[in-house]
Amino acid sequence: METGESEDNTSNPRIAAGARTMNEIIEIRLSRRAFLGGLTATTLTATTMSLGLGGCAKGEQSVPRQTGTLEFDFEEIRRGLDTTHHVPSGYTADILIRWGDPLFDDSPAFDPLRQSEAAQLRQFGYNNDYLGFVALPADAAGRARGLLCVNHEYVSTELMLPNVAEQYPDSMTAELCLTEMAAHGGTVVEIVETADGWRPVTGSRYNRRITAHQTPMEFSGPAADSPRLMTNEDPTGRTAAGTLNNCAGGITPWGTWLMAEENFNYYFLGTPPDGHPEAKNHERYGVPAELFHWGRHFDRYELSKEPNEPNRYGWIVEVDPMDPTSTPRKRTALGRFKHEGAENVIAPDGRLVIYMGDDQRFDYVYKFVSSASVNAENPSANADLLDDGTLYVARFDVDGSMEWLPIVHGHGPLTAENGFATQADVLIETRRAADLLGATPMDRPEDVEPDPRTGSVWVMLTNNHKRKPEQVDAANPRAENLFGHIVQIVEPDGDFTSTRSRWEILVKCGNPDDPSVGADWNPLTSENGWFGSPDNCAIDPSGRLWVATDGNEDTGAADGLWAMSVAGDLRGTGKAFFRAPVGAEVCGPRFTPDGESLFLSVQHPGDGDDATFESPRTRWPDFEDGVPPRPSVLAIRKEG
Ligand code: FEO
Ligand code: CA
Ligand code: CA
Ligand code: CA
C-alpha cells in the first residue's frame, strides 16, 4: 500500500527535528568489485535448472554458466500502461480468484450493487496482498493441491462500494463500515491444479475468512496483558477482535502463516482524552490518520473512547491455516510497527530468523531471532517459538558493515529513565526504542527476503521523496528518492543470527536514461528492464530474485514483476515479466515449490485520484458494464 501518499509527514522525530542520520552525509561508493570478491564463496553459482519460468525443460541437460550469470529465458514484455495485464508469449495468466468469489458452499453470488457484511464474510476479500502457499498431499487423482494464504490489506472504499463517493464519508453507514471490515483481513483457500490450471476448491474444509472486526484473536509474548493493551471491550489485554491492514507476511517452516499488520493508523479517528499517556506514542505511529470512518459507529476506532486501542495493532499475527477453528495469535515479541512482511529462514544453528521492514519514510529494518531452535520433526512443538527471542534493528555503516542492535529492556537507553518500565513497553514502542538505539532511518522498507542458499537478504526500499540532501547516507544515498533502491545484506557465512553483517546496494531504481533521477542499473538493462518503487520480492526455487512494484506508474508505465540478476556480469539487470492493469500494484509473488507456477496479487486495479465505483480506470478482470474492477490473484504457468 502506498503509505506515503496519504500521509505526508514522517513521524520519526530524529528526522522531523532535522537530525542527521548516523552515517556520514557524504555518499560513499563502496568498491563493488572488492565487496563482491569477498562474497564469492557464498554467491550463486546458478544454472538454469528445470524451471518452467526460465530454464530448460525437465529432462534436458542443464547448462553450467559462467559464475553467477543468471539467465531468464522468457521474452521480455514491453513497458506500457493499459487496462489489462500482460505476460510474455508462451505463458498463461489465469484469474485464480477474485474479490467476491465464493469460498463456501453457502456463499452468496457476487453482487456489487448489494454488498453486505454477511455476504463478504463468506467471500474472498478485497485488495489481496501477501500470498503464502502451503503444499498439501496430492489428491486421489494425483493432482497437486495446496492452501493459498492471502492477506486482504485494505479496501479502496470509493472503488469498491456503489454510491458512496459523492457524500463520503457521511455516506458510510454502520453496515457499510462492517462490510469494509469483513473485506479486510485474510483468506485461506484450498487450490488444486487441474488440467486447465489452478482452481479454488469451494467448500474445502480448510477455507476460512479472517477479518478486521469479526475474528477473535489472542495476544501472546512479552506485551500480552500489558495494561497498555487493555480497553473497555478487553479489560484483560489478552484478546483482540481482528486484524488490520495485513500487508505482506511469511510462512514459517512449520507451516503457519504470518500476517503483518501495517498501516493500522488509517483506522482511527479523534484524539485521546487530555493528558492521556499514550498521546506521544500514537504520534510516533501517525495515529490517527483518519482514512477510514469506522469510529463514527464503533467506539473501538475512536481515540476519545478507546485511547489504548491502537496499541493492539502493528503486530505480527500467526495463523494455523490447517485448522480453520484455530485462534490467531498476535506475537508481541516481534515488535510493534508498520510491519510490511515476515519472511523467515532457519539459521545454521536451527533458530528461526524473521526479517521485517517498517514501511514508513525514515523507519527501520528489523530481524527477530528465536531463542529456541525449530523442531523440524514435530510442528506443534513450535507453537510458542515466536514468543521468546531477540528483536534487532539495523544500523547500516558507511564502510559497508552493519550492526544489528538488540531491542532489549535494560540494554543501553532502553530503561525506566527513558520511560520503558518493562520489555512490554519496549515492544509497544518499538519505534521509539529503535530511535534511541541509533538505527538507520531508511527509504521505506518493504519486503525483506532472506535467501538460505547464499546468506543474502534482499531489502526493498520503495521510495522517499522527503529525504533532503543533508539527510542522505551511504545506505540511502539519494535525496528526494522518488523510485527507491534495493539493498543486499550479506550475513557472514550464512549465519542469519549474526549481529555484524555487510551490505551493498544492488540497484538504484528509476529511469537510467534520465540523469536527474540518479538511477544505477547494470548498463546491460534493456529499456523495459528498469523499474521504480520495488515493494514485494520472491526468491524462486533456483535462487533467483523477482521484484514486484508499487508506484512504477510514476515512471509512466504500469506496475509489474521483474526478474533480477544478482550476480556475475548481469548483476543489477532487470527483465520485465508481468505488467498489471492500470491503477494496480503487484504483490505477493509466490512460486510453487517446483517452480512451475507463480501466483501474483493484483491489488487495487483501476484505482487513481478520481476513480470511483461508477467511474474506474479499468473494469479488469471482468470487463462488464456496471461491474467494478476486482482485485484478483493470478496463476501464471508456461504453456504446455
Ligand atoms: Fe502495504 Fe508497504 O505496502
Ligand atoms: Ca507499497
Ligand atoms: Ca507492500
Ligand atoms: Ca516476499
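**A calcium site and an enclosed helix**

Donors are N, O and S atoms within 2.8 Å of the metal, or 3.2 Å for Na, K and Ca; water is not among the atoms, so sites may look incomplete. The model is predicted: local features need pLDDT of at least 70, side-chain atom pairs count only at pLDDT 80 or more, and totals for chains, interfaces and linings use all residues. Residues are numbered from 1 along each chain as written, chains are lettered from A and ligands numbered from 1 in the order written, and side-chain values use heavy atoms, without hydrogens and water.

Strands are DSSP runs of E, at least two residues; helices are runs of H or I, at least four. C247 is buried at 0% relative accessibility. D535 is also buried, at 1%. Buried means under 20% relative accessible area (1.4 Å probe, protein chains only). E446 coordinates both the calcium ion (ligand 3) and the calcium ion (ligand 2), which are 3.8 Å apart.

Helix 6 (residues 174-183) is largely enclosed by the rest of the structure, because eight of its 10 residues are buried. Among them are L176, C177 and M181. G185 follows helix 6 and has a positive phi, near 100 degrees.

Definitions and conventions. Buried < 20%, exposed > 50% of the residue type's maximum accessible area, 1.4 Å probe, protein only.
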